[in-house]
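Please consult the sequence and the model shown below while reading.

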Amino acid sequence: MNYWAFGIMIMCLICSFGILWKVRRSYKKHMLYVTSVITFFMAVAIYHNYLMGNASFLYSVSDGFSQFLPIYTDFKNLIQEGSGLPAWNFSVGFGAMQSYVKFFYPTNFLPILAGAIWNEQALAICAAWMQVLKIVAASAFMFMFLKKLKFSNFVCCNMGIIYAFCGILIVRGHWWLLGDECYIAAFILWGAECYFRDKKWHWIPISVTLLASCFCNTSNCCFRSAISAACRFLHAEYSFR
C-alpha cells in the first residue's frame with residue numbers, strides 16, 4: 001500500500017463527508033450532491049485496492065497491460081525525455097506515425113502526467129481515479145437529465161446510481177472510450193433537455209465537442225465533423241434570433 005495514495009483517498013472521503021454534513025439540513029434541495037457523494041463512496045469501495053496501489057487498475061484486464069499501459073508509458077517517456085512531440089515513433093512495432101489524440105484527452109492526460117512526475121505506479125493509481133471520476137460524472141449527469149424530465153428525487157437518485165454502475169462502466173471502463181461515452185451521453189441528453197425546455201442552447205455545442213474530442217481517439221474526421229456540426233448549430237441559432 002502506498003501511504004500517499006491512502007492519504008489522498010482519505011482526504012477525498014473526508015471532503016465527501018463534509019459535503020453531506022453541509023447539506024444535511026436541506027438535503028432534499030441538494031440531492032444532486034447527495035447522489036454524487038453516494039456514488040463516490042460506492043466507487044471507492046469497489047476500486048479501493050486500485051486507488052491505494054495494492055493492485056494495478058491497468059493490469060486488471062489483458063487489454064489494460066497489452067494495449068493501454070504501453071501507450072501511457074510511451075507518452076510518459078516523451079514528457080520525461082523533453083524531446084518534444086515527434087511525428088514518428090519507433091516504439092510502435094517497426095515504427096509508425098505518432099498520434100497524440102489520446103494524449104490530450106483529460107482522462108488520459110492526467111494519468112500520463114502523474115506517471116511523468118512520479119512513477120508508473122502513480123500512473124496506474126491515477127488511471128483508477130479517472131475511472132471513479134467517470135462513474136461520478138455519469139451519475140451526476142443522469143440525475144440532472146432525469147430531473148429535467150420532472151422525475152422525483154428518489155427516482156433520479158436511484159437511476160443515476162444504477163446508470164453509473166452499468167456494465168459498460170464497470171466491465172469495460174478500462175477502455176479508452178467506453179467509460180467516457182457513458183457520462184458524455186448523459187451530458188448530451190441533459191444539454192438537449194436544457195435547450196428544449198429552457199431554450200438554453202449553450203450546453204449542446206459543449207457536449208458535442210466533448211464527445212467529438214473523445215471519439216477522435218479513433219478518427220480525426222469524426223472530431224472535425226462534430227465541430228462543424230456544432231458551428232452550424234450556433235450559426236442557425238444566431239440566424240434564427
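The model is predicted, and local features need pLDDT of at least 70, side-chain atom pairs count only at pLDDT 80 or more, and totals for chains, interfaces and linings use all residues. Residues are numbered from 1 along each chain as its sequence is written, and side-chain values use heavy atoms, with hydrogens and water left out.

**Overall architecture.** The chain contains 11 helices and two strands, where helices (H or I, at least four residues) and strands (E, at least two) are DSSP runs numbered from the N terminus. Along the sequence, these elements follow the order α-α-α-β-β-α-α-α-α-α-α-α-α. Of the 241 residues, 43% are buried (under 20% relative accessible area; exposed is over 50%, partly exposed in between; 1.4 Å probe, protein chains only). Among contacts (heavy atoms within 4.5 Å) with a separation of 6 or more, 64% join residues 24 or more positions apart.

**Nonpolar core.** A nonpolar core is a set of buried Ala, Val, Leu, Ile, Met, Phe, Trp, Tyr and Cys residues joined through side-chain atoms within 4.5 Å. In the largest one, with 55 residues, Leu 51 and Val 132 touch the most other members. Helix 6 gives the most, with 16 residues.

| Helix | Residues |
|---|---|
| Helix 9 | 178–198 |

Beyond its neighbours within four places in sequence, Leu 51 is in contact with Ala 5, Met 9, Val 44, Ile 125, Ala 128, Trp 129 and Val 132. Thr 39 also lies in helix 2 and counts as buried because its relative accessibility is 0%. With residues up to four places away left out, Thr 39 touches Ile 135, Val 136, Ser 139, Ile 161, Ala 164 and Phe 165.

**Helix 9.** The 21 residues of helix 9 should span 30 Å at 1.5 Å a residue, and the end C-alpha atoms are 30 Å apart, which agrees; the expected span is 1.5 Å times one less than the number of residues. Its buried residues include Tyr 183, Phe 187 and Trp 190. Just after helix 9, Lys 199 takes a positive phi of about 60 degrees.

**Helix 5.** Leu 110 lies in helix 5 and, at 39% relative accessibility, counts as partly exposed.
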